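Here's a quick briefing to read alongside the model. Have a look at the structure first, then dig into the notes below.

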Amino acid sequence: MGSNAPTSPLPPTKVLQLRVGRVIRNQFNIPNLNSAIFKVALPQKPVYLGPLGLTGDAQGAPTHGGLEKAFMHYASAHYTHWKRELPESEKLLRYGGFGENLLTSPDDGYNEHTICVGDIFEIGENGVKIQVTQPRQPCLKLNHRFEVRDMALRAQNNNMTGWHHRVLVPGFIQPGDEMRLAERINPEWCLSRVQHYMYVERENMEIMKELLELEGLGEETRDIFRLRVQKGIYRDENDRLIGKERHLLKWSKYKLVGKKKETESITSFTFTAVETFDNPVKAMPGAHIRVKLGPKSGNLVRAYSVVEGDSKTFTLGIEHDANSRGGSKFMHEQLDLGDELVFSSMASDFPLRESGECDEHIFIAGGVGITAFLASARLLKEQRQKFKLYYAMNREDDGAFKNIIDMLGENVELCVSERGTRIDIAKVLNKATDKTHIYVCGPDRLLNAVREAGKSIGFPETNISSEAFAVSMSGDPFTVEIESEGKELQVKEEESLLDVLRSAGFDVASSCEVGNCGTCRIGVRKGRVEHRGTGLLEDEKKGMMLSCVSRGVGTLVLDF
């Protein structure tokens, strides 16, 4: 088709943000799922847009980039719609959430109904030109990114997917540049109309033959129509939208069916699945589970240890913390029998050492830290393995889950301060061998006491695993450098890196803000990190940190 002036010219707009990201392996804790969907906003200075995209940008798979998918635009106005439709995911619905490279002004009217295939835009004053190639085909990563099981399908059905460009004339651009429509060659083929024949009216051969000849259309989309017209092959969209079993977003509704006060401050909560579970999976040692506490809590996300049960019915033990940031307060004061919450699948961040690595397991628990070890202790007793559980508390009435403790019998030693039977940590470690593994969960003072005792007698540090049930966000002050902006920021003792970055104008997404969910992760190019929280896999810790709780030692260079 020949060149035409736009029938409904779009007004010029402004580049609001340019964003780039690097590849993260095993994204969303899914093995072999690599992605660069987490992109950071670039500073307001020139960056080169080349044939394959912005300098510093990467893709997790070859099909996510290339000459015809070099530069992805998402309509910033769509975020308002999503926040209204998905209030439980509001904290995740920040600019950049869809992995876009380009955001323009939210009132410009640029969207899938007004942008056409082949549209050519000029950006800035350096002659840079880009051309719209095809609508973005949303994939399963959006489900995990926003913690909504069918987010990719929602985006597709609402024609809110974003769209790709090829770069016709490369050059330097920057936030604040004007972007203007220079030429419209297919005024009758807006992106949403193309999507209609991709996903809805999939057997209209006459239209699809026309689309095969559409000037400017990207080859990936053209191939979809070519397979249908020439070979009668229709792709299974579920592979892209949902994926295989390992890709499924394991968030499910559970109903509160039991709420029992175990001690003055600890309550047990028993939940059962609303949906049917054909083959429930038993809670493994060190299992924890994440829960969305819903709008009444301010859409908090928290993680708790699983005391007992399986993926159909399980019990949590939660302490009513006077210094709660909202999670335990909500669970204790607002959650009633019959209420429903959404939970993730169980995962284990505190597993038992393999039998070949050790022949004795020693657990040291303080307060609500006992919840991290009850599933492990029960399994070891069933397997008749050698173990001992030391349960430290101030008063005997502070002991929770007495039914399980009694079942463990002589394997448990209660260490009660008011009875004068405090745990002698040095004595316990002195009796241990190099085939003994120590597991500690409790307040910081307990963890520190075990570490110090181990150092004093030369006990191997690798034979001690620890987990704090309350993650401290304070610590020694440190410095962060953001080379892309030439900035240096100071993080004080009582400040989190997340708060400091936001105060400096950086857009960092977050959700739980206690180190559990991993949303606030940022890249680290150089420096030593004191990792806290459970939101990163070990591989991810090599180049990432949780900005809400983790801290630097000395100076860090961040990947912004």
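Which side chain does Arg 290 meet in a salt bridge? The partner is Glu 147, at 2.8 Å from N to O. A salt bridge here is a side-chain nitrogen of Lys or Arg within 4 Å of a carboxyl oxygen of Asp or Glu. Keep in mind that this is a predicted model, where local features need pLDDT of at least 70 and side-chain atom pairs count only at pLDDT 80 or more, while totals for chains, interfaces and linings use all residues. Residues are numbered from 1 along each chain as its sequence is written, and side-chain values use heavy atoms, with hydrogens and water left out.

**Salt bridges**

- The whole structure has 24 salt bridges.
- The Arg 290–Glu 147 pair links parts of the chain 143 residues apart: Arg 290 sits in strand β14 (residues 287-292), and Glu 147 in the loop between α2 (141-146) and α3 (151-157). Helices (H or I, at least four residues) and strands (E, at least two) are DSSP runs, numbered from the N terminus.
- Arg 290 counts as buried because its relative accessibility is 14%, and Glu 147 is buried too, at 10%. The cut-offs are under 20% relative accessible area for buried, over 50% for exposed, and partly exposed in between (1.4 Å probe, protein chains only).
- Asp 150 and Arg 154 also pair up, at 2.8 Å from N to O. Asp 150 is partly exposed at 32%, as is Arg 154 at 25%.
- Arg 202 bridges to Glu 237, with the closest N and O atoms 3.6 Å apart. Arg 202 is partly exposed at 22%, whereas Glu 237 is buried at 16%.

**Nonpolar cores**

- The largest nonpolar core has 40 residues, and Trp 82, Phe 98, Leu 497, Leu 501 and Leu 558 touch the most other members. Such a core is a set of buried Ala, Val, Leu, Ile, Met, Phe, Trp, Tyr and Cys residues joined through side-chain atoms within 4.5 Å.
- Helix α13 (residues 497-503) gives the most to this core, with four residues.
- A second, separate core of 39 residues includes Val 47, Val 117, Tyr 197 and Leu 212.

**A three-stranded sheet**

- Strands line up as β4-β3-β10 in an open sheet with antiparallel pairing; two strands pair if DSSP finds at least two bridges between them.
- β4 (53-54) and β10 (171-173) are the edge strands, each pairing on one side only.
- Three bridges join β3 (residues 47-50) to β10, and Val 47 stands opposite Ile 173 in β10.
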